[in-house]
Structure formats: C-alpha cells, structure tokens
Amino acid sequence: VPRMVSKALSRHALAFVPKDNFSSAMAVIVSDLKALITQDAAEIKVPRIPDHLKPNRPDIVAIGSSTGGPAILSKVLRNLGPDFPPVLVGQHIIASFAGELGGRLAMVARMKVGAIEPRAELKRGHLYFLQGDHHIEGEAVKGDLLLKLNQGPALHSQKPAIDPLFLSLARLPKSYSVLGILLTGMGSDGA
C-alpha cells in the first residue's frame with residue numbers, strides 16, 4: 001500500500017485514507033468534497049498544493065466504487081443537490097440491481113437520474129449510474145459534455161468498468177475540470 005499511496009500523491013492526489021480508518025474519515029471526506037464543489041477556488045485553503053495545482057470547481061464528478069460501495073456512496077452523495085455538477089457513478093453490482101441502486105442514490109443526492117444513452121448531454125443536478133452491457137465514457141463535443149457508450153470487451157471481468165470512464169475523462173480538453181473519486185475494494189477489478 002505505501003507504494004500505491006506514494007504513486008497517487010506523486011500524481012497530485014490530495015490525500016489518502018487507510019481502509020482501517022475509512023469510516024471515521026468519511027465525514028471529513030464528504031465535507032472536503034462539498035467544499036471543493038461549492039466554493040470558489042480562490043477561497044479554498046488546501047495545504048501542500050502548488051499554485052498551479054489549486055482545485056477548481058469541477059465541471060463533472062466521476063466516482064468509481066467496488067466492494068462495500070453502496071453504503072459509502074450513500075454517505076458521499078448525501079444532499080449534493082440540484083445545482084451540483086453532473087455525477088457519474090460506477091459501482092460493480094449485479095445488473096438486475098443497478099437501476100434500483102442508481103435511483104436510490106439519486107434520491108439521496110437530491111438529484112435527477114440521468115439517462116444512460118448515446119450522446120446524452122451531461123447535465124447539472126443529474127446522477128448517471130453506469131449500467132448495462134457497455135462501458136460508459138465522457139466526451140466533449142462543441143462545448144457540451146456528452147455520454148459515449150463503448151461496446152468494448154469487459155475489463156478486469158467487469159462491464160461496465162470504471163477504467164474506461166476515468167480514462168475518457170482524463171482525455172477531455174484542459175478547459176474541463178474533472179473530479180475523480182475512487183473508492184477501492186479488494187483486488188484488481190477495474191475500480
């Protein structure tokens with residue numbers, strides 16, 4: 001784990017929380033997340049971050065989750081509200097439960113459920129829950145953020161997998177600010 005933490009921090013991760021301390025740190029994580037979204041970057045006081053890496057208000061938030069994710073997701077998403085940027089959530093779960101979980105998480109977040117369909121515009125106040133037999137990606141087209149469905153093979157035995165979503169958002173033009181949150185589980189399963 002220390003090597004993974006060091007690698008994440010070297011790639012500009014702001015912090016890490018050991019699994020054995022995760023529950024007690026959840027309130028701080030949620031508070032920090034809300035602060036990053038709702039405050040102007042100039043108002044945020046974050047230690048140890050060089051000026052060129054100061055956080056911006058994101059245009060989109062992507063969350064990847066694995067084992068044990070639904071309970072944690074409920075806490076992270078609680079009361080984000082209708083003015084929050086679009087949130088894309090990938091949770092490895094049995095397909096028959098995905099729609100119900102996505103709807104429940106949107107309700108907890110006080111957001112609308114966004115349609116997962118090709119070229120759907122990603123809208124503020126909407127939660128998009130990855131489901132179906134395709135990977136979900138984000139793309140910028142003429143100033144709009146759109147969903148892209150990818151029929152590629154399963155990754156880490158998962159479809160949809162989190163990796164294609166995160167990689168696609170990393171390829172967005174630099175004018176877009178993306179906040180990625182990865183809630184890891186066990187093993188290498190694409191989350």
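I took helices (H or I, at least four residues) and strands (E, at least two) as DSSP runs, numbered from the N terminus. Read that way, the chain goes α-α-β-α-β-α-β-β-β-β-α-β, which comes to five helices and seven strands.

Before going on, I noted that this is a predicted model: local features need pLDDT of at least 70, side-chain atom pairs count only at pLDDT 80 or more, and totals for chains, interfaces and linings use all residues. Residues are numbered from 1 along each chain as its sequence is written, and side-chain values use heavy atoms, with hydrogens and water left out.

Next I checked burial, meaning under 20% relative accessible area (1.4 Å probe, protein chains only). Buried residues are 41% of the 191 in the chain.

Then the cores: sets of buried Ala, Val, Leu, Ile, Met, Phe, Trp, Tyr and Cys joined through side-chain atoms within 4.5 Å. The largest has 22 residues, and I63, L77, V87, V89 and L127 have the most contacts inside it. Helix 4 gives the largest share, five residues. A second, separate core of 14 residues includes A62, L145, L147 and Y176.

I looked up V89's contacts (heavy atoms within 4.5 Å). Leaving aside neighbours within four places in sequence, V89 touches I63, L73, L77, L127, Y128, F129 and L130.

Last, I went to E137, in strand 5 (residues 135-141). What does the side chain of E137 make a polar contact with? I found the side chain of N150, at 2.7 Å; a polar contact is a pair of N or O atoms within 3.5 Å, where within protein one must be able to donate a hydrogen and the other to accept it, and residues adjacent in sequence count only if both atoms are side-chain atoms.

Notes: Buried < 20%, exposed > 50% of the residue type's maximum accessible area, 1.4 Å probe, protein only.
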